[in-house]
Amino acid sequence: MDTTPLAYTAVQSATGALPYPSRVTAALAVKLTTALTQADQQLAAHDPAAYEPALAHSLSNLGIRLSEVGRRAEALTVSEQVVEIHRRLAVGNPSAYEPDLARSLSNLGIRLSEVGRRAEALPVSEEAVEIHRRLAVGNPAAYEPDLARSLTNLGLHLSELGRRAEALTVSEEAVEICRRLAVGNPSAYEPNLATSLSNLGIRLSEAGHQAEALPMSEEAVEIHRRLAVGNPAAYEPDLARSLTNLGIRLSEAGRQAEALPMSEQVVEIYRRLAPDNPAVYEPDLARALSNLGIRLSEAGRQAEALTAEQQAVEIYRRLAADNPAAYEPDLATSLSNLGIRLSEAGHQAEALPMSEEALEICRRLAVGNPVAYALDYARALANLGIRLSEAGRQAEALPMSEQVVKICRALAAGNPAAYEPDLAHSLTVLAMVAMRWGDLSGALRVTAEAVELYRRHIVTTPTLLPKLHTVLKLQALVLDKLGRPEDEETVRRWLGEDPLPPGSHN
């Protein structure tokens, strides 16, 4: 096939017959789609009016196939060409080409996000939704599936830029449409329903609605498991993503024992997939390893947790060197987690530079996009404050911890459900540093606010119970240092009467 030219119709038929998604035929699909695109380019050069629509179609498929094999920069270039052609065609004949323009815009948004150009992805995705919404009003049967897909993509892009309330709204609308479509035609629309449910679970959790997020993630996994049994090549990657999300949701619900085996299964899947297609699956493997490190830490298996996070950082460093815009945010998160894992394992001296590097990246990201990265910056700052405090550098740790509280307080004012737990954590860190600095009355005052915040959210987010125990133990220690034994005893009695469940990580 490398030396023998294939007839146009043969290439067209072969390309159309290949399944999507399929990791088995992905490389062949790129080769065939490239050949078809080159043929269409030659035809369109001689007769643009007749062949440009076909060229746009083959370019669109090529962009999707290139992304499937991890060639994201090339996929973006191709997707930009598709939008340019469809815009021109839609000007002359809107009724014929606006649907194609909307689909190509939605794909371009995905491609932009994949290479880290998230701010540019949003307006492109918004335009796709606007067109699809207008088309769906006139012909719901034809265009509601496209509207649902573009809404799902828009929810992702809004979330990437920190606009979580809007992301939740559009994600809920996507699920509502997909659910209705799947009732009428399960085989056609259940895959889209599962993806939209998994994304909705993330959006609900980001908005502080963890109890509602869990059943969405469970339903997504149930569908993807069924699909993967029938077609593992197509749906195992989707199953792995939905299992990742469900593991996180279970951990948020305090069900760490159930979350850990899911995280282990996800790593096993991606370890199997990554050698054949590292460009596509290494980022997923890194995320899975980082999540596994958290789950292992929750189970008290610190040595294994450290190894998993070290492997994640190694992969992210390589990815971020090639594409900083796309992977530096993940690298920063993984470095921050590695600092925590090293500290848990007793390697405080090694933990500090990891936390410093994470903060440096997050600071840069937050300058460019404060809305999207304020929380990541605050968390990295909090972790570095803890590491500095562990190293006895309280004078440096204290102003950092105060800054974290200030950031989290501002975020919580706008969305208490989502950000008050982060505010409570930041207050706990500040109390610890203040106690070590010698400001016992300040530490006591701050612990009281943290306790109040945790108790406010403990019913909907049971996983906060260990954090509540942590701040109460700190409060008891402060009361002891202040010489208030009766108050200290009251706190310790509550801790004894309300123990952590077996398997909880404190």
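Colleague: Do helix 8 and helix 9 run roughly parallel or roughly antiparallel to each other?

Modeller: In this predicted model, helix 8 (residues 164-184) packs on helix 9 at about 155°, with the axes 8 Å apart. Axes are lines fitted to C-alpha atoms, for helices over the stretch in contact, and angles run from 0 to 180 degrees between N-to-C directions. Under 35 degrees counts as roughly parallel, over 145 as roughly antiparallel, 65 to 115 as roughly perpendicular, and the rest as oblique. Helix 8 and helix 9 are therefore roughly antiparallel.

Colleague: Which hand does the crossing of helix 8 and helix 9 have?

Modeller: Left-handed means the near helix is turned anticlockwise from the far one by less than a right angle; right-handed means clockwise. Helices (H or I, at least four residues) and strands (E, at least two) are DSSP runs, numbered from the N terminus. The crossing of helix 8 and helix 9 is left-handed.

Colleague: How many nonpolar residues are in the contact of helix 8 with helix 9?

Modeller: Ala, Val, Leu, Ile, Met, Phe, Trp, Tyr, Cys and Pro count as nonpolar, Asp, Glu, Lys and Arg as charged, and the others, Gly among them, as polar. The contact has four polar and six charged residues, and its nonpolar residues number 14.

Colleague: Is helix 5 roughly parallel or roughly antiparallel to helix 7?

Modeller: The axes of helix 5 (residues 94-114) and helix 7 (residues 140-160) come within 10 Å and cross at roughly 25°. That makes helix 5, relative to helix 7, roughly parallel.

Colleague: Which ring does the charged end of Arg 455 sit over?

Modeller: The test needs NZ of Lys or CZ of Arg within 6 Å of the ring centre and within 35 degrees of the ring normal. The charged end of Arg 455 is 5.0 Å from the centre of the ring it sits over, that of Trp 494.

Colleague: Which pLDDT must side-chain atom pairs reach to count?

Modeller: Residues are numbered from 1 along each chain as its sequence is written, and side-chain values use heavy atoms, without hydrogens or water. Totals for chains, interfaces and linings use all residues, local features need pLDDT of at least 70, and side-chain atom pairs count only at pLDDT 80 or more.
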